[in-house]
Amino acid sequence: MTSVEERTSVESRNDSGGVTFMQATWLVAEREIKAFVQMKGFWIGLAAIVIGLFAASILPNVLGGGDTKVAVTSTEVAQTLEAGSFDVERTDDVAAAEELVRTEEVEAAVVPDTTGQSATGVEVVALENPPSDLMASLGSPPPVNLLEPGDVSEGEKQLVIMAFALVFMLFAMGGTAIAQSAVTEKQTRVVEILVSTLPVKSLLAGKIVGHTLLTVGQVIVLAIAAPIALQAGGNEALLEVILPALGWYVPFLVFAFVLLASMWAVAGSLVSRQEDLGSTMGLVMALVFGPYMLVIMLSDNATAMTVLSYVPFSAAIAMPVRLFTGEAQLWEPFVSLGLIAVMIVVITAVATRLYTGSLLQTGGKVKLSRAWSSASD
Amino acid sequence: MLKVNGVSRSFGDHRVLDSVSFDVKPGRMTGFLGANGAGKTTTMRIILGVLKADAGSVTWHGQPVTQAVRQRFGYMPEERGLYPKMKVADQIQWFGRLHGMSQAKAAATTERLLDELDLGTRANDKLEALSLGNQQRAQIAASLVHDPDLLILDEPFSGLDPIAVDTVLRVLRQRAADGSPVLFSSHQLSVVEQLCDDLVIISGGEIRASGERDELKQRYGTPRYELVVGSDAGWLRDVPGIKVTSVDGPKAVIEPASAEGFRAGGEALDQRILQEAMRRGEVRAFTPVVPSLNEIFKEAI
């Protein structure tokens, strides 16, 4: 049997102004990007994330910016501090004061010196770093006893994990734009002109490239905004710890996006109307929300997090979180990124076939098996 | 010249095209005629590589139709589509570039085309903001922007408003006159009748007839004469060898009774009737009746 397509594989004559695969891919990508940046919603969404980032970093200082709460055992010190702008809690003994510090009801405690090195006879007990205004008001700096001399507090850690997970979810869900673009082309039948002009693969590749570039752009904006926001909020200590993790978070987010991109495209190509999109996006959405929830729920379970940081779908959150908490070795993100890359190749190959097979089938929802077997048409 | 050679295609067990062969010649408008579901769209999709053929081939100037060749084709699908949220000019330019034009050339051609189609003032509007008629003009512009070597239009006249029909007609005639082959499908016989030079008639996935329109008319249409005499033409009913299709006072339409026509058995039947009519009195007209496409169509399928 001779088919038109087989004959097509005969070396093509390169006549006037033929468009190469790369050019076709880029033209598709360019159109996707243009269509997106011309939408108000795109800029509003990005602005909302940046504003949210600054708000999360600065607002706690502004809102909770009243007097520093301090537990004090000695009446004398209490009177000194009450004269300054401190919210003083009197406690009977050192143990009670330390308990208040541990439960984070107060930011620090001033207790009798145990080191013998204090000029003023007191020492400061804090969780991981002493409030600077307290230190300043105690005259010559007293010795400091840190109960949890980690760099980052548990509260901050939770906040960062939440932020990583949330931003992942926002960007991963951004892939719905690919599904919408695919279904728009089917719904308007513009796809017939496209398929008669371009290789189907360049159509898919262009969509993935275009939307990935859009995502890279937004992630870079956030990666620049996040340190500025932390600095503005006076969270220098957190910034120092988060920076390497943030650096890793950028490639992980981009890889995660590409991993799902072709699946979004298939979700779009299986249906012929925007209204039906909901019925095909379930699996991809599960692959976004699942990792999001698992990481948030299991963030305290080191074993689970290690596993999640190697599963390609959840690695984009779990590995940066493990890097942030200092649990991951330096080589681990490389391996994890490699695993995602392998998964991208496999999924994109499968998705390309499904996309090709379903693109020209109109009517109801195309079954995956049918899309797979029609790909040779 | 575009050659379709023995193209077959099935969807499941249903054979949609059965060894379809025909040519689309340069400088000629070829009408692709068939009822709904006859296989017109499937054939066009195969020519354009949107669908694969199970068997057979499509060649352009004797060469297989590759992606690069196809990029020089212009296609207007039946269910026209452009991006609803994209600006008209941006969109047409983009299609030009997709067909291998440079940005500058695509922009220049787009501007010229839109003016030609009276859409110049809407260039920066989103497609969805245009009326249906104007959207169709934009669609025509999109299929013409790259000055295609071959134009393929699926039902270009269906659903068009009268002004748009004129526009499409003008544009298509111009393309054909410039030497590009134009293949267009239609189920509206009257449109095809006045527009096409060549005809391809398809039915049930098989080509029933193809060739020059006038030649097909001769081949498939029943030869007829209209005779107008001075008095009543009723006597024709008694002439052996012919059939009177209609008679209205002095006017009658006759056709030969046998399938071999007026020259059956070497006898010039038409001439004998003319002589008889002249013998009986005045003859005002004796004209061959050109068969309508409708008739050819029914005859062929």
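Colleague: Which residues does G281(B) touch, leaving out those up to four places away in sequence?
Modeller: V229(B), G230(B) and S231(B). Touching here means that the C-beta atoms, placed from the backbone, lie within 7 Å. Please keep in mind that this is a predicted model: local features need pLDDT of at least 70 and side-chain atom pairs count only at pLDDT 80 or more, while totals for chains, interfaces and linings use all residues. On labels, residues are numbered from 1 along each chain as its sequence is written, and chains are lettered from A and ligands numbered from 1 in the order in which they are written.

Colleague: How far apart are G281(B) and V229(B), in sequence and in space?
Modeller: They are 52 residues apart in sequence, and their C-alpha atoms are 7.3 Å apart.

Colleague: And where does G281(B) lie?
Modeller: In the loop of chain B between α9 (269-280) and β14 (283-289). Helices are DSSP runs of H or I with at least four residues, strands are runs of E with at least two, and both are numbered from the N terminus.

Colleague: Is G281(B) buried or exposed?
Modeller: G281(B) is exposed, because 11 other C-beta atoms lie within 10 Å. The cut-offs are 20 or more other C-beta atoms within 10 Å for buried, 12 or fewer for exposed, and partly exposed in between, with C-beta atoms placed from the backbone.

Colleague: Let's zoom out. How is chain B divided into domains?
Modeller: Domain 1 covers 2-218 and domain 2 covers 222-290. Those bounds come from an automatic or database domain assignment. Taken over C-alpha atoms, the centres of the two domains of chain B are 44 Å apart.

Colleague: What radius of gyration does chain B have?
Modeller: Chain B has 24 Å, whereas a compact globule of 301 residues would have a value near 19 Å. The radius is taken over C-alpha atoms, and the globule rule is 2.2 Å times the number of residues to the power 0.38. The C-alpha trace of chain B spans about 75 × 45 × 30 Å along its principal axes. Chain B has 10 helices and 14 strands, and 45% of its 301 residues are buried.

Colleague: Now chain A. How many helices and strands are there?
Modeller: Chain A has 16 helices and 5 strands.

Colleague: What are the domains of chain A?
Modeller: Domain 1 is made of 21-60 + 153-374, and domain 2 is 66-146. The C-alpha centres of these two domains of chain A lie 47 Å apart.

Colleague: I've been looking at α9 in chain A. Why is this helix largely enclosed by the rest of the structure?
Modeller: Because 8 of the 8 residues of α9 (residues 190-197) of chain A are buried. Among them are V190(A), E192(A), L194(A) and T197(A).

Colleague: What covers the buried residues of α9(A)?
Modeller: The cover includes α8 and α10 (200-232) of chain A, together with α2 (67-70), β6 (73-76) and α3 (88-98) of chain B.

Colleague: Where does A68(B) lie?
Modeller: A68(B) is in helix α2 of chain B. With 19 C-beta neighbours inside 10 Å, A68(B) counts as partly exposed.

Colleague: Back to chain A. Where does R189(A) sit?
Modeller: In the loop between α8 and α9 of chain A. R189(A) has a phi near 65 degrees, a positive value in a residue other than glycine.

Colleague: At what angle do α8 and α11 of chain A pack?
Modeller: Helix α8 (residues 176-187) and helix α11 (residues 236-269) of chain A pack at about 35 degrees, with axes 7 Å apart. The axes are lines fitted to C-alpha atoms over the stretch in contact, and angles run from 0 to 180 degrees between N-to-C directions.

Colleague: Which residues make that contact?
Modeller: They include I178(A), V183(A) and K186(A) of α8(A), and A261(A), W264(A) and G268(A) of α11(A).

Conventions
Two residues are in contact if their C-beta atoms, placed from the backbone, lie within 7 Å.
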